[in-house]
Amino acid sequence: MSKLYFRYAAMNAGKSTNLLQVAHNYEERGRETIIYTAEVDHRAGDGIVSSRLGVKRPARVFSPSTSFADAFEARPGCILVDEAQFLAPEQVRELHRLAHQKHVPVICYGLRTDFRGVGFPGALELLALADALEEIKTVCRCGKKASMVIRHDERGQRVFEGEVVQIGGNETYESVCPSRFYEGHC
Ligand SMILES: [Zn+2]
């Protein structure tokens, strides 16, 4: 069925790996996929979705002003969106409407909250509109489910303030359980 999916997770849970596997599965059955990633994501260069397992593929990039209408006109088997937390709310509404009007499934992968514990506007709209919500689980260093993300600076100190998107910084992110997020230990 053609619907809008939101597959959410904390950092390093394998979202990109899952996306690339889905693309492979469609193509194995002779169906094209169209892959998008956020323009702000420069981890692997412009327009690349890369999995930590080593697989990578070129992707279209979206900015807050991108329309997805032309991707639906190409009648792909599926549209896959990585870093979907960076979608603008109106883009989520467009994807939901076109998935149903054009009968093309759309699978969005992304975070729910930033390192401050604040919901991304795009993720909040996805949580409101997606026809299917699916969690990709990962674990905190204590072994409990990690549902939050914290940021460390280049010295390994936790950072509580700053831009949500840092280009070219040396910060690192860790997926943690709520106890570690709020108490600093678990
Ligand atoms: Zn923990």
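Biologist: How are α3 and α4 oriented to each other, roughly parallel or roughly perpendicular?

Modeller: This is a predicted model. In it, α3 and α4 are roughly parallel to each other. The general idea is to compare the directions of the axes: angles under 35 degrees count as roughly parallel. Here α3 and helix α4, residues 121-129, pack at about 30°. Their axes lie 8 Å apart.

Biologist: Which hand does the crossing of α3 and α4 have?

Modeller: The crossing is right-handed.

Biologist: Which residues make the contact?

Modeller: From α3, the contact uses Pro89, Val92, Arg93 and His96. From α4, Pro121, Gly122, Glu125, Leu126 and Leu129 take part.

Biologist: Now the backbone. Which residue has a positive phi of about 55°?

Modeller: Arg75, although it is not a glycine. Arg75 sits in the loop between α2 (69-73) and β6 (78-81).

Biologist: What is the phi of His103?

Modeller: His103 has a phi near 60°. That is a positive value in a residue other than glycine.

Biologist: Where is His103 placed?

Modeller: His103 lies in the loop that runs between α3 (89-102) and β7 (106-110).

Biologist: Why does His103 count as exposed?

Modeller: Because His103 has 12 C-beta neighbours inside 10 Å.

Conventions
Residues numbered from 1 in each chain as written. Predicted model: local features only at pLDDT ≥ 70, side-chain atom pairs only at ≥ 80, totals over all residues. Helix = DSSP H or I, 4+ residues; strand = E, 2+ residues; numbered from the N terminus. Buried ≥ 20, exposed ≤ 12 C-beta atoms within 10 Å, placed from the backbone. Axes fitted to C-alpha atoms, helices over the stretch in contact; angles between N-to-C directions. Parallel < 35°, antiparallel > 145°, perpendicular 65-115°, else oblique. Left-handed = near helix turned anticlockwise from the far one by under 90°. Contact = placed C-beta atoms within 7 Å.
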